[in-house]
Amino acid sequence: MRDRSPAAIGFYPGNKQALSEMIRECYLSEFGPRSLPRVNLGGPRRIIACVSPHAGYYYSGPVAAHLYKAIADDGKPESFVLIGPSHMGYPGASIMVEGDWIMPGGRVPVDTKLAKAIISNAPIILDDANAHRDEHSLEVQLPFLQELYKDLKIVPIALGMSDWETCEEVGRGVAAAIKEEKANAIIIASTDLTHYGAMYGYAPAGTKPIEKIIKWVHDTDGEIISKIEALDAKGLLTLVRTKDLTMCGAAPVTSAIVAAKELGATKGIKLQYATSYDIRGSSDAIVGYLSAIMIK
């Protein structure tokens, strides 16, 4: 048994009560769905995969809340395959096959059976828990999930800079494992979109006026979102690579789209998009946030 301690407290409160209150505020925010979720146990379970942001809840939480309300409305999955970027620089694909993720809301166990099935179908994925030790992109999804489901399991996969062939193998492997295990699972790809400003060394539209910058960010992220809505996995990765865009989770989303289509998804739907400037008004560093679903 390998336990993983929290590495992202600060992105969200470390106190369980304060965390629950912050999540509630995300749902009720003007940028959130403006209502609290209730799990629909008889839901249609049409969501196969989805996209969620991974910044601090103060910024991206209301956008993420749209996704988690949609998941609650859709039913009760038993496992979540979480695919996120490796900000810590681990190359390739790394999975954690056993252990618990210790969170303020309690332990979240890894779905070992499904994780091993994924490795069996995608040998390119390495069993390396160290790739997850200090990574925040998947951890920040868990408090939202724990507020909805008390007995959930996860399969965490971290993707570093990856080419199309790697993304395709990961996506196909995830889909094949879900089919083999007849798993009631949802795939969550974690990403933020454009990272703009001096903090990121990225300002192709200049530094002012702010209205011009925000329009550029919205337009650029709109191109990314259109690829996700069209379930165009290769087109998404090509767009980000050829235009040198600063979307950090292009590879995870690409893999999620591949898997979703293998599992019968027919379209992607944007639930909410906003930038950190839209939500908080800070212009020093501007990041785009998206919640979206891929459904059958």
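In which helix is the place of Asp74? In this predicted model, Asp74 belongs to helix H2, which covers residues 57–74. Its relative accessibility is 5%, so Asp74 counts as buried, the cut-off for that class being under 20%. Apart from neighbours within four places in sequence, Asp74 is in contact with Asn40, Gly43, Pro44, Arg45, Arg46 and Ile47.

Helix H2 also meets helix H1, which is made up of residues 16–28. The two axes come within 8 Å and cross at roughly 70°. Angles of 65 to 115 degrees count as roughly perpendicular, and H1 and H2 are therefore roughly perpendicular to each other. On the H1 side, the contact involves Leu19, Met22, Ile23, Cys26 and Tyr27. Their counterparts in H2 are Tyr57, Tyr58, Gly61, Pro62, Ala65, Tyr68 and Lys69. By class, the residues of this contact divide into ten nonpolar, one polar and one charged.

A further residue, Leu126, lies in strand E6, which spans residues 125–127. Leu126 has a relative accessible area of 49% and is partly exposed. Leaving out neighbours within four places in sequence, Leu126 is in contact with Ala93, Ser94 and Ile95. Val97 is 29 residues from Leu126 in sequence, and their C-alpha atoms are 9.7 Å apart in space.

The accessibility of the two residues is tabulated below.

| Residue | Relative accessible area | Class |
|---|---|---|
| Asp74 | 5% | buried |
| Leu126 | 49% | partly exposed |

Note on methods: Residues numbered from 1 in each chain as written. Predicted model: local features only at pLDDT ≥ 70, side-chain atom pairs only at ≥ 80, totals over all residues. Heavy atoms only, no water. Helix = DSSP H or I, 4+ residues; strand = E, 2+ residues; numbered from the N terminus. Buried < 20%, exposed > 50% of the residue type's maximum accessible area, 1.4 Å probe, protein only. Contact = heavy atoms within 4.5 Å. Axes fitted to C-alpha atoms, helices over the stretch in contact; angles between N-to-C directions. Parallel < 35°, antiparallel > 145°, perpendicular 65-115°, else oblique. Nonpolar A, V, L, I, M, F, W, Y, C, P; charged D, E, K, R; others polar.
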